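Subject: Structure for your review

Dear colleague,

Please find the structure below, followed by an account of what was found in it.

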Amino acid sequence: MNELMVANEQKPNKQDNLFKARMGSFLSRYGMLLILIALIILMSILSPTFFTSVNLLNIVRQMSVVGIVAIGVTMIIITTGIDLSSGSVIALVSVVVASMSHPDSYPLAVALLAGLGLGLLTGVINGTIIAKGKIAPFIVTLGMMTAARGAALLYTGGKPIGNLSDSFKFIGQGNLFGIPVPILIFAFVGVVSYIILNKTKFGKYIYAIGGNEQAAIIAGVNVDKYKIMIYGYAGLLSAIAGIILTSRIASGQPTAGMMYELDAIAAAVIGGTSLSGGIGTIGGTVIGALIIGVMNNGLDLLNVSSYWQQILKGIIITVAVFIDSRKNKKS
């Protein structure tokens, strides 16, 4: 009789534990997506103009620049690195490309290649110093952040560059098949980066380096080479973001991209990328970028002060890092 009672008491406990485990797994995988949906519903209730096709497209178009940068930053953070220079690289690319995009200046392809090459170069420099010099990514990219911003100000004398050609402005302001070009570029970058991270040897090595760098070295992975490639790719994505932003605002600004590096890091962390390395997805980062975009847009529509928006964003980032820390302790 007693054994039967014990068995009956244990059954519900096992079912409860199984239910909790499944719920935990479900929330871990789809928690941020649920938060994004909840935010959209909440903002739609609070502001009648929020849930319109024009406004929703506007959110994605505005977030496409930060989203592209965040994808590169995600790959870096997975390797336990960090990139603080992306906002300044955007500014440097912005002024150089703008100076070459006047109607009577260079062909469009030359200006774009110059901008992409410049972004790639800054990323390779970051990666080379980090990998070969064994210097902390925080210090190296902090130095690049200062140097690139200074170079942009020096190049322009602190003044914006305007008079851009119509073909260049189409990249940030035009539409294809009724969809803004920046959104199409963002989607293309997301798909390509997803394939790189999940379907290639390069992607596997990114996770391996972030999971355990020493084990990756022992397994024969050329860690230095792949670190240079990762930072180079992130620099290239910063250049793409810089070109889109320059085209959208129709001028090269030495102050462009200010604080974008923090928004990109926030998008990656909110999207589930672990600052301890080895964990992160492109889909999660895109959702993280959209959460920031929905929040910014919704708060603007509700006429909430930008100061309060900064405070709210800081709280969200802190909570995301706290959750990440708790996950790591449990694992």
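**Salt bridges**

K132, K134 and D224 are joined in a network of salt bridges, a salt bridge being a side-chain nitrogen of Lys or Arg within 4 Å of a carboxyl oxygen of Asp or Glu. Please note that this is a predicted model, in which local features need pLDDT of at least 70 and side-chain atom pairs count only at pLDDT 80 or more, while totals for chains, interfaces and linings use all residues. Residues are numbered from 1 along each chain as its sequence is written, and side-chain values use heavy atoms, with hydrogens and water left out.

The structure holds 4 salt bridges. In the one between K132 and D224, the closest N and O atoms are 3.8 Å apart. K132 belongs to helix α4 (residues 108-133) and D224 to helix α10, so this pair ties together parts that are 92 residues apart in sequence. Helices here are DSSP runs (H or I, at least four residues), numbered from the N terminus. K132 counts as exposed, with a relative accessibility of 57%; exposed means over 50% relative accessible area, buried under 20%, and partly exposed in between (1.4 Å probe, protein chains only).

K227 lies in helix α10 and E213 in helix α9 (residues 213-218), so the pair ties together parts that are 14 residues apart in sequence. K227 is buried, at 13% relative accessible area, whereas E213 is partly exposed, at 26%.

A further salt bridge joins D166 and K169, with the closest N and O atoms 3.7 Å apart. Both residues lie in helix α6 (residues 166-173); being 3 residues apart, they are separated by about one helical turn. D166 counts as exposed at 62% relative accessibility, and K169 as partly exposed at 24%.

**Aromatic pairs**

Rings of Phe, Tyr and Trp (its six-membered ring) pair if their centres lie within 6.5 Å; planes under 30 degrees apart count as stacked, over 60 as edge-to-face and the rest as tilted. By this rule there are 2 aromatic pairs. The ring centres of Y205 and Y226 are 4.8 Å apart and their planes stand at 70°, so this pair is edge-to-face. Y205 in helix α8 (residues 201-211) and Y226 in helix α10 (residues 223-249) are 21 residues apart, and the pair links distant parts of the chain. Y205 is partly exposed at 22% relative accessibility, while Y226 is buried at 9%. Together with F202, Y205 and Y226 form one aromatic cluster.

**The second largest pocket**

A pocket is an open set of points on a 1 Å grid over the protein atoms alone, where a 1.4 Å probe fits, with protein on both sides within 12 Å along at least five of seven lines; lining residues have an atom within 4 Å of a point. The second largest pocket has a volume of about 450 Å³, a volume being the space filled by probe spheres set on the points. Its lining comprises 20 residues, of which V66, Y260, D263, N296 and K313 are the closest to the centre. Helix α12 gives the most to this lining, with 5 residues.

Yours sincerely

Methods: Helices (H or I, at least four residues) and strands (E, at least two) are DSSP runs, numbered from the N terminus.
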